[in-house]
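Q: Could you go through this structure with me, one topic at a time? I would like to ask things as they come up.

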Amino acid sequence: MPDGWEWDSSLFRGSAAYYERGRLPYAPGFAETVADALGLDGRGRLLDVGCGPGTVLLALAPRFAEAVGVDPDEDMLAEAERRAGRHGVAARWVAARAEDLPAGLGEFRAVVFAQSFHWTDRDRVAATVLRMLEPGGFLVHVSDHENPPPDPRPLPSPAPPYDRIAALVRRYLGPVRRAGRGVLVNGTPDREDLVMARAGFVDFRRHVVPAGGVAERTADDIVAWAFSRSDSAPHLFGDRLGHFERDLRALLRQEASDGRFAERLPATEIMTWRTPR
């Protein structure tokens, strides 16, 4: 887990309602890339760990016989179930942490972590997932591709002022990044490749799916983005939540008086590992 931090149930409290609007989508075609990389054929079972509001599960579920989403946040699961109904996707939703696995859920062809693995006891969870996968099954890690090369082409509107938003959050919540009731002194860990190798996974592959295009964003979208994050989840502000939102909206008006922003859609990074056959 992140150094000096312990998980608690308030990590994303109040964020579920803001996720769909606030977060940028994964690259178009990411689900097809996963399907090709894993050789999916409509059979087998999918487990999405830390599924949040179901973003990745809903895209991948039609490529499996059964899909299960696991998340410790009841509001996230309720949002996922609502979205699944809207899209006509059948899935099972289970309130549990990754550390609760295998939780009697059975065997899977693929287990996915979409920007959630860093919140877990990674060595313990990876070892458990290895035992939950069928022979030749896959662990899949999905995330935004970080640090892309700069694109010199101009945007049609100002970019969201993320640095200024981060400074405003620090002014309200303190200089160290918040996460639930605790803080992240050193951020969250990476080097998933080392964790998976220790657990016994093999055949590491990495795919970057380009997104292209520009997302037009409103001030409401950027406010939703802020409240969808663990380090600025609504509950962290307590009785100052209204004051923070007022100051955030004032900051956004300073950057774009018409409340319109634009940003380039990020590429999606997909990493896969296989169980030994």
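**Talking through the model**

A: We can begin with Ala127, which lies in helix H5, made of residues 122-132, and please keep in mind throughout that this is a predicted model.

Q: What is the separation between the C-alpha atoms of Ala127 and Ala199?
A: Those two C-alpha atoms are separated by 5.0 Å, although Ala127 and Ala199 are 72 residues apart along the chain.

Q: Which residues of H7 are buried, then?
A: Ala199 is one of them, and the others are Glu192, Val195 and Met196. Seen down the axis of H7, the buried residues fall within an arc of 95°, so they line one face of the helix.

Q: And which residues are exposed on the other side of H7?
A: Over there, Ala197 and Arg198 are exposed.

Q: Switching to rings: how many aromatic pairs does the structure hold?
A: There are 13 aromatic pairs in the structure. One of them is formed by Phe227 and Phe244, which are tilted, with 6.0 Å from centre to centre and 55° between the planes. Phe227 belongs to helix H8 (residues 219-227) and Phe244 to helix H9 (residues 241-255), so this pair ties together parts that are 17 residues apart in sequence.

Q: Are Phe227 and Phe244 buried or exposed?
A: Both Phe227 and Phe244 are buried, and for Phe244 the relative accessibility is 0%.

Q: How do Phe237 and Phe244 pair up?
A: Phe237 and Phe244 form a stacked pair, with their centres 4.1 Å apart and 20° between the planes. Phe237 also counts as buried, because its relative accessibility is 3%.

Q: Which residues do the ring pairs link into a cluster?
A: The cluster is made of Tyr18, Tyr172, Phe227, Phe237 and Phe244, which are linked by ring pairs.

Q: What lies over the face of Phe108?
A: That is Arg45, which sits at 4.2 Å from the centre of the Phe108 ring.

Q: Now charges: how many salt bridges are there?
A: The structure holds 27 salt bridges. As background, side chains of opposite charge can pair when their charged atoms come close. One of the salt bridges joins Arg181 and Asp8, with the closest N and O atoms 3.5 Å apart. This pair links distant parts of the chain, since Arg181 is in the loop between S6 and S7 while Asp8 is in the segment before helix H1 (16-22), 173 residues apart.

Q: Which of those two is buried and which is exposed?
A: Arg181 is exposed, with a relative accessible area of 61%, whereas Asp8 is buried, with a relative accessible area of 9%.

Q: Which residue forms a salt bridge with Asp41?
A: The partner of Asp41 is Arg109, and their closest N and O atoms are 2.7 Å apart. Asp41 lies in the loop between helix H2 (30-38) and strand S1 (45-49), and Arg109 lies in strand S4, so the pair ties together parts that are 68 residues apart in sequence. At 40% relative accessibility Asp41 counts as partly exposed, while Arg109, at 16%, counts as buried.

Q: Which residues are linked in a network of salt bridges?
A: That network is made up of Glu20, Glu79, Arg82, Arg83 and Arg86.

Q: New topic: what about backbone features?
A: As a general point, most residues other than glycine have a negative phi, and most peptide bonds are trans. Here, a cis peptide bond joins Leu101 and Pro102, with omega at about 10°, and Pro102 lies in the loop between strand S3 (92-95) and strand S4 (108-114).

Q: What is the phi of Gln115?
A: Phi of Gln115 is near 55°, which is a positive value in a residue other than glycine, and Gln115 lies in the loop between S4 and H5. Arg191 also has a positive phi, near 55°, and is found in the loop between strand S7 (182-184) and helix H7 (192-199).

Q: Last one: which residues make the nonpolar surface patch?
A: The patch, of about 220 Å², is made by Val176, Val183 and Val185. Val176 lies in the loop between helix H6 (162-173) and strand S6 (177-179) and is partly exposed, with a relative accessible area of 35%.

Notes. Residues numbered from 1 in each chain as written. Predicted model: local features only at pLDDT ≥ 70, side-chain atom pairs only at ≥ 80, totals over all residues. Heavy atoms only, no water. Phe/Tyr/Trp six-rings, centres within 6.5 Å; stacked < 30°, edge-to-face > 60°. Helix = DSSP H or I, 4+ residues; strand = E, 2+ residues; numbered from the N terminus. Buried < 20%, exposed > 50% of the residue type's maximum accessible area, 1.4 Å probe, protein only. Lys NZ or Arg CZ within 6 Å of the ring centre and 35° of its normal. Patch = residues over 30% accessible without salt bridge, like charges linked within 9 Å, V, L, I, M, F, W, Y side chains within 5 Å. Areas by Shrake-Rupley, 256 points an atom, 1.4 Å probe, with all protein chains shown as cover. Salt bridge = Lys/Arg side-chain N within 4 Å of Asp/Glu carboxyl O. Arc of directions from axis to C-beta.
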